[in-house]
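This briefing is arranged by topic for use alongside the sequence and the model.

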Amino acid sequence: MDFGLTPEQDLVVDTVRAFAETELYPYEDEVERLDAVPPELAAQIRKKAIDAGLYAANMPEELGGGGLDPITLTLAERELGRASYALQMLVARPSNILQGCTGDQIHTYLLPTIRGERHDCLAMTEPGAGSDVRSMRTRAERKGGDYVINGTKHFISHADTADFVILFAVTGTETTPRGPRGLISAFLVDKATPGLEVRQGSGSVSHRGYHQCELSFTDCRIPAGQLLGEEGRGLELMTEWLGASRLTVAATSVGRGRRVLEAAVRWAAEREQFGQPIGRFQGTGFKLADMATDLEASELLTLLAAWKLSRGRMTDQDAAMAKLHASEALGRITDHAVQIFGGMGLMDEMPIERHWRDARVERIWDGTSEIQRHIISRSLLRPHGA
């Protein structure tokens with residue numbers, strides 16, 4: 001197996017890393033202090049990302065996107081993952097599910113989002129329906145030529161800055177071995193639609209400046225033409241287009257882990273106690289060794305999944321393994337880094353405590369570690385009928 005990158009992939013890695021270091025790193029402290037990205041800064045970063053050809057890299061070239069293949073896109077995600085999430089998400093990778101747009105939806109939602117003129121957010125999670133998507137209660141009822149939506153969503157990332165919502169809601173029921181379950185459909189809902197209220201949610205210790213929001217739908221009426229895909233087939237649409245999202249979490253976790261390891265190695269080489277660098281002590285040196293090994297394993301799992309995806313062979317198990325290992329490894333890496341930095345690792349004048357806090361959410365969103373283990377174990381047992 002050839003582990004080398006092509007010249008084009010090397011160029012993408014160098015370009016994205018340089019962009020993160022020069023256009024994103026300098027503003028991380030400001031975003032952390034404000035818990036917000038100033039609008040003028042957001043516009044500046046988006047423009048520079050578009051000018052650099054980095055915007056919408058996940059979208060097909062024929063639609064105006066970057067057209068990166070899965071491996072190259074994963075490498076780009078890895079490099080963006082080094083930076084504050086509130087800043088790196090401005091180098092937008094629109095939701096892949098928008099490729100399911102048809103007819104007027106293409107010109108109203110898909111193409112403007114690829115051009116950076118509109119911004120989307122994905123609304124699936126509810127207070128009583130997190131991992132159990134089929135138990136969601138937000139409903140969309142067909143009334144003539146419209147759908148009327150009622151319900152609540154929460155933990156909806158960057159809904160405060162989005163122009164429209166990709167909403168998943170119940171449009172019917174079906175009988176299953178576990179009893180009646182909701183038939184889920186997907187919709188495109190403009191944020192200015194009457195009956196939709198968007199509120200910023202509670203503050204989070206992870207990814208300050210990148211807000212999670214609550215969405216409340218009260219008799220929110222939208223035209224039937226804003227149904228995305230077929231009615232009752234929202235889960236199939238989600239599986240078709242959103243399967244690689246866990247790979248993105250894995251890739252960004254690897255990128256952030258790499259940045260943390262580099263900082264910890266520098267500190268261990270320069271910080272002296274008892275007349276020698278602290279990295280010479282086994283208590284510190286062995287932590288560095290474990291961090292490096294964890295990181296390499298995470299990267300290999302992530303790139304293997306991306307390689308399989310590029311050949312149409314990636315399974316749910318592949319993505320789950322990459323997401324599980326990379327997100328949990330990032331937690332171990334950042335925790336070791338705090339210990340290596342000692343008291344300074346907890347001070348807000350240094351970025352280590354921020355990386356430590358930010359790492360915690362990676363084991364929760366896009367499917368908790370427990371869900372990933374469930375996917376993996378079921379994949380192992382299924383061939384045996386268990």
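**Briefing on the predicted model**

Asp219 counts as exposed, because its relative accessibility is 53% and the cut-off for exposure is over 50%. The model is predicted, not experimental.

**Residues with positive phi**

- Most residues other than glycine have a negative phi.
- Asp219, although not a glycine, has a positive phi of about 45°, and this residue lies in strand β7, which covers residues 212-223.
- Ala56 is likewise not a glycine and has a positive phi, of about 55°.
- Ala56 belongs to the loop between α3 and α4.
- With a relative accessibility of 0%, Ala56 counts as buried, whereas Asp219 counts as exposed.

**Helix α4**

- Helix α4 spans residues 70-80, and ten of its eleven residues are buried, so the helix is largely enclosed by the rest of the structure.
- The buried residues of α4 include Ile71, Leu73, Leu75 and Leu80, and also Glu77, Arg78 and Glu79.
- Which helices surround these buried residues? They pack against α1 (7-24), α5 (85-88), α8 (245-270) and α9 (282-310).
- At the start of α4, the backbone nitrogen of Ile71 has a side-chain oxygen of Asp69 within 3.0 Å.

**Packed helix pairs**

- Two packed helices are described by the angle between their axes and the distance between the axes.
- For α9 and α10 (residues 316-341), the packing angle is about 160° and the axes are 9 Å apart.
- α9 and α10 are therefore roughly antiparallel to each other, and their crossing is left-handed.
- The contact between them involves, among others, Leu288, Met291, Leu295 and Leu301 of α9, together with Met321, Ala322, Ala329 and Ile333 of α10.
- For α1 and α3 (residues 39-51), the packing angle is about 155° and the axes are 12 Å apart.
- α1 and α3 are therefore also roughly antiparallel, but α1 passes α3 in a right-handed crossing.
- On the α1 side, Phe19, Glu23 and Leu24 meet Ile45, Lys48 and Ala49 of α3.

**Cysteines**

- A disulfide is a covalent bond between the sulfur atoms of two cysteines.
- How many disulfides does the structure hold? The number is zero.
- The cysteine sulfur closest to that of Cys121 is in Cys213, at 7.7 Å, which is too far for a bond, because a disulfide requires sulfur atoms within 2.5 Å.
- For Cys220, the closest cysteine sulfur is that of Cys121, at 13 Å, and this separation is likewise too far for a bond.
- Cys121 is buried, with a relative accessible area of 0%, and Cys220 also counts as buried, at 0% relative accessibility.

**Val361**

- Val361 is found in the loop between α11 (352-359) and α12 (369-381).
- Leaving aside residues up to four places away in sequence, Val361 touches Ser206 and His207.
- Val361 and Thr108 are 253 residues apart in sequence, and their C-alpha atoms are 33 Å apart in space.

Terms used. Residues are numbered from 1 along each chain as its sequence is written. This is a predicted model: local features need pLDDT of at least 70, side-chain atom pairs count only at pLDDT 80 or more; totals for chains, interfaces and linings use all residues. Side-chain values use heavy atoms; hydrogens and water are left out. Buried means under 20% relative accessible area, exposed over 50%, partly exposed in between (1.4 Å probe, protein chains only). Helices (H or I, at least four residues) and strands (E, at least two) are DSSP runs, numbered from the N terminus. Contact means heavy atoms within 4.5 Å. A polar contact is a pair of N or O atoms within 3.5 Å; within protein, one must be able to donate a hydrogen and the other to accept it, and residues adjacent in sequence count only if both atoms are side-chain atoms. Axes are lines fitted to C-alpha atoms, for helices over the stretch in contact, and angles run from 0 to 180 degrees between N-to-C directions. Angles under 35 degrees count as roughly parallel, over 145 as roughly antiparallel, 65 to 115 as roughly perpendicular and the rest as oblique. A crossing is left-handed if the near helix is turned anticlockwise from the far one by less than a right angle, and right-handed if clockwise.
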